[in-house]
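Here is a short briefing to read alongside the model on your screen. Have the viewer open and follow along topic by topic.

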Amino acid sequence: KPQLVASNDRFCRFLEEYCPVVTETYYPTIWCWEGRVQTLLRPFITSRPQVQYRNELIKTADGGQISLDWFDNNDSLYYPDASTRPTVLLLPGLTGTSKESYILHMIHQSETLGYRCVVFNNRGIAGEDLLTPRTYCAANTEDLEAVIHHIHSLHPSAPFIAAGVSMGGMLLLNYLGKTGRDTPLMAAAIFSAGWNVFESVESLEKPLNWLLFNYYLTTCLQSSISRHRQMLEKLFDMDLVMKARTVREFDKQFTSVMFGYRTIDDYYEDASPCRKLKSVGIPVLCLNSVDDVFSPGHAIPVETAKQNANVALVLTSCGGHIGFLEGIWPRKCTYMDRVFKQFVQAMFEHGNKIFSM
């Protein structure tokens with residue numbers, strides 16, 4: 001059974017009644033239960049539901065642009081009025097886009113419930129050009145704030161929830177820690193967030209984890225910026241950036257410099273959501289597996305979560321990083337998908353009951 005950590009008894013009762021999946025025993029796929037195996041196999045095993053997007057490019061205050069992929073769900077039977085159709089903002093992981101299988105599954109779950117979805121693609125990674133020499137990071141929430149304001153301004157009467165995965169979850173938590181209750185979002189769901197970046201990079205630098213994950217992730221980061229080399233060479237020694245062999249080296253030479261941090265430690269401290277959790281002002285459900293090498297179990301801020309009545313942690317013993325595979329042949333729905341679907345539906349349909357139970 002997952003461990004449910006929440007200081008608010010009413011929030012616990014709400015989850016037990018309207019999101020019962022968090023109290024069910026999670027049975028990982030027996031032939032790939034180990035966390036690293038789950039992490040590696042999920043992208044290859046899970047299906048990729050067909051989703052037709054409508055793309056929108058929005059301008060930012062600094063002259064840049066952000067790519068949003070909309071799934072309008074105009075055929076929604078439950079919410080035919082687009083002005084009040086519930087909206088789910090989805091934030092993919094570090095180099096992820098709207099094409100990731102876990103994002104497609106979240107949209108598929110939302111489609112069955114009649115909701116509209118918007119995927120926030122970080123600057124420069126979804127095929128659009130960089131108009132300024134700036135990309136993104138887990139600590140800087142300016143682009144996310146612009147996106148949330150833009151979506152809310154288009155549909156001010158629509159209930160609004162966000163869900164973030166991995167770095168997308170870290171960014172969302174850092175935004176919520178900064179804004180408190182001053183946000184149009186009514187709730188948020190976080191999946192496989194790295195709570196303490198220092199602990200995450202240390203875990204990923206262990207020999208086997210470096211071989212399986214760190215080197216590949218570093219090459220993905222380098223690939224994501226190589227297309228924009230001509231723009232970025234104005235500010236960076238790109239040859240040095242492309243020599244990085246770990247995420248830490250990449251962040252030291254590129255990310256921390258881009259966003260004006262004096263040292264990489266300053267950036268990692270600012271990017272760690274565990275330091276902002278006390279300030280979250282809306283209901284947030286966070287799912288982590290304690291065998292996630294990207295977010296080791298000992299770094300999950302259990303005691304801090306107990307100090308904020310708006311926060312609930314769901315901790316499984318298995319599941320890896322964005323894995324949570326279940327069943328003999330886990331092609332379709334994962335435990336993470338079921339948590340997402342039940343929590344989002346619970347908040348949209350019964351969220352006003354949380355503090356009255």
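Predicted model: local features only at pLDDT ≥ 70, side-chain atom pairs only at ≥ 80, totals over all residues.

The protein chain is split into domain 1, made of 3-195 + 280-351, and domain 2, spanning 197-271. Across the interface of these two domains there is one salt bridge by the rule used.

**Domains and their interface**
- Taken over C-alpha atoms, the centres of domain 1 and domain 2 lie 24 Å apart.
- On the domain 1 side 31 residues make contact, and they meet 27 residues of domain 2.
- Putting domain 1 and domain 2 together buries about 2400 Å², and carbon and sulfur atoms contribute 69% of that area.

**A salt bridge to look up**
- Arg 227 pairs with Asp 129 in a salt bridge.
- In the pair of Arg 227 and Asp 129, the closest N and O atoms are 3.6 Å apart.

**Helices α7 and α10**
- Helix α7 covers residues 207-226 and helix α10 covers residues 247-258; their axes come within 8 Å and cross at roughly 30°.
- Angles under 35 degrees count as roughly parallel, and α7 and α10 are therefore roughly parallel to each other.
- From α7, the residues Asn 214, Leu 217, Thr 218, Leu 221, Gln 222 and Ile 225 take part in the contact, meeting Val 247, Phe 250 and Phe 254 of α10.
- By residue class, the contact of α7 with α10 has six nonpolar residues, three polar ones and no charged ones.

Note on methods. Residues numbered from 1 in each chain as written. Heavy atoms only, no water. Axes fitted to C-alpha atoms, helices over the stretch in contact; angles between N-to-C directions. Helix = DSSP H or I, 4+ residues; strand = E, 2+ residues; numbered from the N terminus. Parallel < 35°, antiparallel > 145°, perpendicular 65-115°, else oblique. Contact = heavy atoms within 4.5 Å. Nonpolar A, V, L, I, M, F, W, Y, C, P; charged D, E, K, R; others polar. Domains from an automatic or database assignment. Buried area = accessible area lost by both parts, 1.4 Å probe. Salt bridge = Lys/Arg side-chain N within 4 Å of Asp/Glu carboxyl O.
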